[in-house]
Amino acid sequence: MTNSTATTNSAEAFTSAARYLPPVPRTAGHGIGLIGCGFISEAQLAAYQEAGFDVVALCDRTLAKAEARREAYAPQSRVTTDVENVLSDPAVDIVDIATHVPGRPELIRRALRAGKHVLSQKPFVSSIADGERLVEEARTAGRTLAVNHNGRWAPHFAAALALVSDGAVGEPTSADFTVYWPHDQAFEHDPHFSTMEDLILYDFGIHWFDIVAQLMSKAGDAQRVYASVGHRRGAKVPVATDADVVIEYAAARATISFRASAPLAEKGMYRIEGTEGTIAHEGHSLGGEVVTLTRQDGSSAIDLQGDWWSNGMRGTMAELMDAVETGRSARNSAETSLAGLRLCFAALHSARTHVPVDPATVDARHAD
């Protein structure tokens, strides 16, 4: 990162001041109970181990999975197949829910009623109504409900969010994202993900919908979302892996293009335009090494530290911990997740109906 004080509104001053790295909790004394020891838990636990977080319990309906994760990442933890053993454990003050989507809302509700703070995998619900009810339940219980939007702490996205938040580009007017990667190869032998309806727009694309919602938070409500999906010849999974999305605001727009059966030359890029500047990035599908800010006075770069998995998984949990310690609202609170979910649900509905959709008219993943 360049070294300059933020005493002027120059590109260099903004990039020097950008705070994109995960927060550091004041104490590592939070006991984490992880429910669901499947695919994503490995990245979570590796990041927690690196950060020195205290994982005290691991739960999975297949005991061998919990034991394998304990052996690799949390030898001090105890393992169980019974969720109630985690929820009733006084050593657990944060329940980390990493199960599949259908079971998440009920597990969140049970954890909140047990007096625990909760970090849920994304998407945390499949309907806005369920999400709003859980937000209210957390508020009533005086507990923090956060969502594992690890993409918000992926270095290339975190830098863009920090720059936009600091006003480096003025008011955002457009945000365009393109990703090429072999998602089909990664999951062709996984019976759950390889056959998942809306694999790209829902389970994976939610990260991009969430980032767009955060970037355009001052642009007003999105007015229309249009999406289309397609199958690619030679893809390793039977579900659609190509998708294109256009999101329209009153005075801004965003586009997202996913190419998830691209076996060669994996790449991701974005360009965010604003009334006073531009943010650009090009790298690997999950991020690269540099984000560049260009303003009238010139260009300046942020040399990125870390990667999506390490920073992202650490960041979501650390943000929850810091929010609990300081009594503030977490930046990844469930309430902040709803705007991105609305964009996602509208895109899913548009892809099925082939017409533009007003996000305000769609409440759930399966709206028809």
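In this predicted model, begin with the second largest pocket, whose lining comprises eleven nonpolar, six polar and six charged residues. Select Leu161, Ala162, Ser165, Gln214 and Arg331, which of its 23 lining residues lie nearest the centre. The space in this pocket amounts to about 630 Å³. Two elements, α7 and α10, each give two or more residues to the lining. The largest contribution, five residues, is that of α7.

Next, select helix α10, residues 206–215. Among the buried residues are Ile206, Trp208, Phe209, Ile211 and Leu215.

Keep Trp208 displayed and turn to the cavities. A search of the whole structure finds one cavity of 30 Å³ or more. The largest cavity holds about 50 Å³ of space. Its lining is made up of 13 residues, and His156, Phe157, Trp208, Gly268 and Met269 are those nearest its centre. Colour α7 (155–165), β7 (172–180) and β11 (267–274), the elements that give two or more residues to this lining. By class, the lining of the largest cavity has six nonpolar and seven polar residues, and no charged ones.

Phe177 leads on to the largest nonpolar core, which has 93 residues. Within this core, Phe124, Phe177, Ile247, Phe258 and Ile279 touch the most other members. Colour helix α12 (residues 334–353), which supplies the largest share of the core, ten residues. A second, separate core has 25 residues, including Tyr73, Val79, Ala146 and Met313.

The following stops concern single residues. Select Asp89, in the loop between α4 (83–87) and β4 (94–97). Is Asp89 buried or exposed? Its relative accessibility is 10%, and Asp89 therefore counts as buried. The side chain of Asp89 reaches the backbone nitrogen of Ala91 at 2.8 Å. Beyond residues up to four places away in sequence, Asp89 touches Arg78 and Lys116.

Thr15, in helix α1 (residues 11–17), is the next selection. Thr15 has a relative accessible area of 0% and is buried. Its side chain reaches the backbone oxygen of Glu12 at 3.1 Å.

The last stops concern the backbone. Display the peptide bond from Lys122 to Pro123, which is cis, with omega near -20 degrees. Pro123 belongs to the loop between β5 (117–121) and α6 (128–141).

Then select Asp198, in the loop between α8 (183–187) and α9 (199–204). Although Asp198 is not a glycine, its phi is positive, at about 65 degrees. With a relative accessible area of 18%, Asp198 is buried.

Finally, select Ala265, in the loop between β10 (253–259) and β11. Ala265 is likewise not a glycine, and has a positive phi of about 55 degrees. The relative accessible area of Ala265 is 70%, and this residue is exposed.

Key. Residues numbered from 1 in each chain as written. Predicted model: local features only at pLDDT ≥ 70, side-chain atom pairs only at ≥ 80, totals over all residues. Heavy atoms only, no water. 1 Å grid on protein atoms, 1.4 Å probe; cavity = no way out; pocket = protein on both sides within 12 Å on 5 of 7 lines; lining within 4 Å. Points joined across faces, edges and corners; volume = space filled by probe spheres on them. Helix = DSSP H or I, 4+ residues; strand = E, 2+ residues; numbered from the N terminus. Nonpolar A, V, L, I, M, F, W, Y, C, P; charged D, E, K, R; others polar. Buried < 20%, exposed > 50% of the residue type's maximum accessible area, 1.4 Å probe, protein only. Polar contact = N/O pair within 3.5 Å; in protein donor to acceptor, adjacent residues only side chain to side chain. Contact = heavy atoms within 4.5 Å. Core = buried A, V, L, I, M, F, W, Y, C linked by side-chain atoms within 4.5 Å.
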